[in-house]
Amino acid sequence: DVIRGQHIKKGDPLYQLDDAPEKYSLTQAQFKLSAEQQTLNNLSHGSRATVLAALYAEEARAKAILDLQETNYQRDKKLYSSRTIGLADLQQSQSNFKTAKQTFEKIQANIKDAKLGARVFVVNAQKQIVNAAKDSVKISNWHLNQKIVSADQDAIVFDTMYRRGEFVGEGRPVVSLLNPKNSYVLFFVPEGKLSSVHVGEKIQVRVDGQPKSFAATVRYIYPRAEYTPPVIYSTMMKKKLVFRVEASLSKQQALKFNPGQPVSVTLQDK
């Protein structure tokens with residue numbers, strides 16, 4: 001989305017990589033989350049309506065049998081009192097009543113259990129699986145968002161390494177940005193002048209085509225001496241032994257320079 005030399009603002013799009021694999025991974029993660037959530041819902045609720053309907057039908061049938069057996073038992077108690085039936089008949093009637101009551105109570109317990117969800121520890125385990133699936137969706141979203149890269153600062157597009165459709169290897173830079181506040185002046189001081197230069201001091205910088213010089217601040221002096229480079233932008237340099245010095249510029253001043261542009265540096269008189 002950018003070309004070399006372009007001035008961009010924070011948030012401007014820079015480039016986009018093919019995101020098909022990340023989209024597939026996100027879709028899979030979303031399907032996985034949906035499935036795990038449905039399993040949790042199933043564990044948290046009771047049995048299906050058809051199962052409960054069958055249990056209710058058994059309950060109604062058992063209640064009818066219980067009522068019948070209770071009626072028979074109450075009748076036989078009266079008959080036994082009047083010596084119309086014997087003890088064995090009464091005991092059989094009583095046994096039938098107890099059996100019908102137990103059957104009815106068992107079906108009621110089954111209905112109560114069917115209305116409940118799974119056991120607590122099973123539900124809690126499934127909740128953790130759902131949470132893990134949610135994290136997988138977040139991770140997949142993060143990977144997808146990494147395929148669209150925007151500028152994180154105001155800068156100049158120093159270089160672009162690829163064109164549309166080209167393959168980018170893992171870990172390879174795609175766009176090189178230069179923030180003007182990170183620009184600095186690099187110059188060399190002969191050994192005889194080194195004692196007059198200190199970190200924090202002001203220098204004057206001049207470039208061809210600019211009517212006025214700019215102030216810069218010495219920020220670093222290299223501790224080791226160097227020999228004069230084969231190509232050094234100074235007509236006055238005659239000493240071979242020099243020291244490398246860096247000076248910082250303000251952002252506004254840096255915008256008036258081009259990277260690699262030759263400059264002339266003047267030290268302030270002491």
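Thr103 has a relative accessibility of 39% and therefore counts as partly exposed, since that value falls between the 20% under which a residue is called buried and the 50% over which it is called exposed. In this predicted model, Thr103 belongs to helix 3, which runs through residues 87-115. Between Thr103 and Ala155 there are 52 positions along the chain, and their C-alpha atoms are separated by 82 Å.

Helix 2, made up of residues 49-81, holds another threonine, Thr71. With a relative accessibility of 52%, Thr71 counts as exposed, because the cut-off for that class is over 50%. From Thr71 to Ser250 the separation is 179 residues in sequence, and the distance in space, taken from C-alpha to C-alpha, is 104 Å.

Distances of this kind can be set beside the overall dimensions of the protein chain. Its C-alpha trace spans about 145 × 40 × 30 Å along the principal axes. The chain contains five helices and 10 strands. Its radius of gyration is 44 Å, whereas the globule rule gives 18 Å for 270 residues, so the chain is more spread out than a compact globule. Of those 270 residues, 24% are buried, and the accessible surface comes to about 19,100 Å², with 52% of it belonging to carbon and sulfur atoms. Among the contacts with a separation of 6 or more, 70% are accounted for by residues 24 or more positions apart. As for charge, the chain carries 39 positive and 26 negative side chains, and the centres of these two sets lie 4 Å apart.

Helix 1 covers residues 20-44, and its 25 residues should span 36 Å at 1.5 Å a residue, which agrees with the 36 Å between its end C-alpha atoms.

The buried residues of helix 1 are Glu22, Leu26, Ala29, Glu36 and Leu40, and what covers them includes helix 4, residues 120-145. In helix 4, the buried residues are Val123, Gln126, Val130, Ala133, Val137, Ser140 and Leu144. The cover over these residues includes helix 1 and also strand 3, which is formed by residues 148-150.

Two arginines in loops complete the picture. Arg83 is placed in the loop between helix 2 and helix 3, and although it is not a glycine, Arg83 has a positive phi of about 60 degrees. Its relative accessible area is 64%, and Arg83 is therefore exposed.

Conventions: Residues numbered from 1 in each chain as written. Predicted model: local features only at pLDDT ≥ 70, side-chain atom pairs only at ≥ 80, totals over all residues. Heavy atoms only, no water. Helix = DSSP H or I, 4+ residues; strand = E, 2+ residues; numbered from the N terminus. Rg over C-alpha atoms; globule rule 2.2 N^0.38 Å. Buried < 20%, exposed > 50% of the residue type's maximum accessible area, 1.4 Å probe, protein only. Contact = heavy atoms within 4.5 Å. Areas by Shrake-Rupley, 256 points an atom, 1.4 Å probe, with all protein chains shown as cover. Lys, Arg positive; Asp, Glu negative; His and termini not counted. Charge placed at Lys NZ, Arg CZ, Asp CG, Glu CD. Expected span 1.5 Å × (residues − 1).
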